[in-house]
Amino acid sequence: MTAPSILKGRAWVWPDDVNTDIIIPFRFKARTNDPVEMAKYAMYGFDPEFYKKVKAGDLFVAGKNFGGGSSREQAPVAIKYSNVAAVIAESFARIFYRNCFAIGLPALEVPGIAKQVKQFDEIEVNLQDWSVKTRDGSVHPALKVPEFLRGLMREGGLVEYYKRHHNFPWETLETKAVAR
Amino acid sequence: MRQDILNDDSLTFAEKIICVRADGLGKILRPGDITVLPVDLAMAQDSTGPLAIKVFGEIGVPKVWDPSKIHLVIDHSFPAPDEKVANLHHLMREFVKKTGVRLVEGSISHQHLLENHVVPGMILFGADSHTCMGGAVGAFATGIGSSEMAAVWASGKLWVKVPESIKVNLNGQLNKGVFARDIVSHFIATVGEDGGNYRSIEWKGPAVKDLSIASRACISNNSMECGCKLSIFEVDPTTQEYLRSVNRKSMYEIHAGSKASYKNEYDVNIGKIVPEVAEPGNVDKVKEVGEVEGTPIDEAFIGSSTNGRYEDLTVAAKILKGHKVKTGTRCVITPASKGVFEQAIKNGLAEIFLQSGAVFTNATCGACVGTHLGVLGENEVCISSSPRNYIGRMGAITSKIYLSSPATAAASAIEGKIADPRRYL
Ligand code: SF4
């Protein structure tokens, strides 16, 4: 599965510091290995009925430190299987961010974005030039990400990538080193 | 070249360990650079492991890279509280049979690894955020998710970005009733919930020598609450003494250079710190105990990978001895490992707990993640020595969690409301 390069959708706007316990509580995620089941508990901490309200192709826009707390990959998986097409945040917590690339959920860091978007605004994510277009037409570039990670995301995550290339994207990475 | 790097005076701990351990690298990397590390120890637990097993199957590699270096730990809900969890535990045991990886049941992963396997200079990836606890003895230890864990099982390697570093100088002496947990809570409040995101924290200064390995483990563990990648205590005589006592040897003793450059430096006089309590919802909403004293509670929980060590249970026992848990309040005490459990029984702590009216459980994450043995109902209030107070973490999304040291939680259990532990010590 290769992600299309332009994603258009309505935005769910979330505050700063949305942690993984809010995104999917432990007691639900630790009782299933089925991503469709996990999606039923997406954003449960804020709204247990979220899964009934979300529509395919919706986007997330959040403040700083989205996905903080636990390492649970079930958090981005629940978002992905809610058919949310991408997550845009002012910043991401480290493990959540890694997990997004590993499962092929587009995650873009755009400083200041939460103030530019209102709940259910139609916005556009460009995965080619790695930017976000808000309702007024202005374009907000996301922070740069190494090409191997964008490639991983485009190809749908680690499983898809490995099946196609028979290696992991970092195995062919040339170690970058700064001259002394 | 490796020796040159070890002696390099300009590198932080994180920069140095990554340069030393990156395969055949032989050059200096700086924050932001990306490289690949070989893995010495890989751990997944019962809420990240089943998904990793599924992903590993989908990747389709026939064998794991090295079964002796892979640990599957059943700790989050041990023993299984219901059928659904039991099924996932079964999946893990079947995977262990098939691949020969190591199975651990009934000790919290981080404590089990610290008690048995972690050594200075090793590279440890765990599918659990609090893996950074291994930094207490100078290991590169950090958390990842299930898919990356599956990739580690397949290849024995993983990419890392060299983090920026933060230095915290600890000075002074702790006052009575104040513990390692209060130091780290105080620090989280200072830097905020994402103040350590992507960063490596180095704990330094004259007060470090007074901190036991258990106290360091508490600090390294709980540093995760500011998002850090690593939280490091370098090897010192306390570490060496500990390693001798458990008959283990360092892989590398990494020391940051004296001219290393840090993103931020903090000076903390630990003599000024008082018992700290984080208010419900966010780990950085930290107050002095006096500001929240008297808040009624339904439950006090003492345990977790942050504060379920023998040192913690000893303090709780000291406070609870000769007292009763307030009627209508429950006090749940959960050791972090089988070893701690046994020691607490052998040395009479269990008896003190039971006489006080507390519940003393087997080792598990249990209440910390609201899976069993201390789950909170609608609108209930808990004071907990676990690391997180997020919405719904321990049960109903309307329940509320205050965080504190085990001492503050024990004193609160006696009074049925948040209480200052200094009155009991
Ligand atoms: S005790 Fe809590 S914080 Fe520690 S590993 Fe278990 S769930 Fe995580």
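Q: On a 1 Å grid over the protein atoms alone, a pocket is an open set of points with protein on both sides within 12 Å along at least five of seven lines, while a cavity is a set of points where a 1.4 Å probe fits but cannot get out; lining residues have an atom within 4 Å of a point. What volume does the second largest pocket have?
A: About 360 Å³, where a volume is the space filled by probe spheres set on the points, joined across faces, edges and corners. Of its 19 lining residues, A:Lys80, A:Tyr81, A:Ile103, A:Val159 and B:Glu58 lie closest to the centre. Helices H5 (74–80), H6 and H8 (158–165) of chain A and helix H3 (49–59) of chain B each give two or more residues to this lining.

Q: How do you know how far to trust chain B?
A: This is a predicted model, in which local features need pLDDT of at least 70 and side-chain atom pairs count only at pLDDT 80 or more, while totals for chains, interfaces and linings use all residues; side-chain values use heavy atoms, without hydrogens and water. Residues are numbered from 1 along each chain as its sequence is written, and chains are lettered from A and ligands numbered from 1 in written order. On pLDDT (the predictor's confidence in each residue, from 0 to 100), chain B has a mean of 97, with 99% of its residues at 70 or more. The complex as a whole gets an ipTM of 0.96 and a pTM of 0.97.

Q: What makes up the lining of the largest pocket?
A: There are 24 residues, with A:Tyr97, A:Glu109, B:Lys161, B:Asn197 and B:Tyr198 nearest the centre of a space of about 590 Å³. Helix H6 (94–103) of chain A and strand S7 (157–161) of chain B each supply two or more residues, and H6(A) gives the most, with four. Here helices (H or I, at least four residues) and strands (E, at least two) are DSSP runs, numbered from the N terminus. Chain B's domain 1 (2–161) and domain 2 (165–272) each put in at least three residues, with bounds from an automatic or database domain assignment.

Q: How do the residues lining the largest pocket divide by class?
A: Into 12 nonpolar, three polar and nine charged. Ala, Val, Leu, Ile, Met, Phe, Trp, Tyr, Cys and Pro count as nonpolar, Asp, Glu, Lys and Arg as charged, and the others, Gly among them, as polar.

Q: Why is B:Tyr198 called partly exposed?
A: Buried means under 20% relative accessible area, exposed over 50%, and partly exposed in between (1.4 Å probe, protein chains only). B:Tyr198 has 25%, so it falls in the middle class. Its phi is near 65°, a positive value in a residue other than glycine.

Q: And what makes B:Asn247 exposed?
A: Its relative accessibility is 70%, so B:Asn247 clears the cut-off. B:Asn247 sits in the loop between helix H9 (237–246) and strand S11 (264–269) of chain B, with phi near 60°.

Q: Why is helix H5 (residues 109–116) of chain B said to be largely enclosed?
A: Because six of its eight residues count as buried. Those are B:Ser109, B:His110, B:Gln111, B:His112, B:Leu113 and B:Leu114.

Q: What makes strand S14 of chain B a partner of S15?
A: Two strands pair if DSSP finds at least two bridges between them. S14(B) and S15 (residues 330–333) have four and run parallel, with B:Ala300 opposite B:Cys331. S14(B) also pairs in the parallel sense with S17 (residues 381–384), over three bridges, and there B:Glu299 has B:Cys382 as its partner.

Q: Which way do the residues of S14(B) point?
A: B:Glu299 and B:Phe301 go one way, B:Ala300 and B:Ile302 the other, and all are buried. In a regular strand the side chains alternate between the two faces of the sheet.

Q: Which peptide bond is cis?
A: The one from B:Phe78 to B:Pro79, with omega near -15°. B:Pro79 lies in the loop between strand S3 (70–74) and helix H4 (83–99) of chain B. Most peptide bonds are trans.
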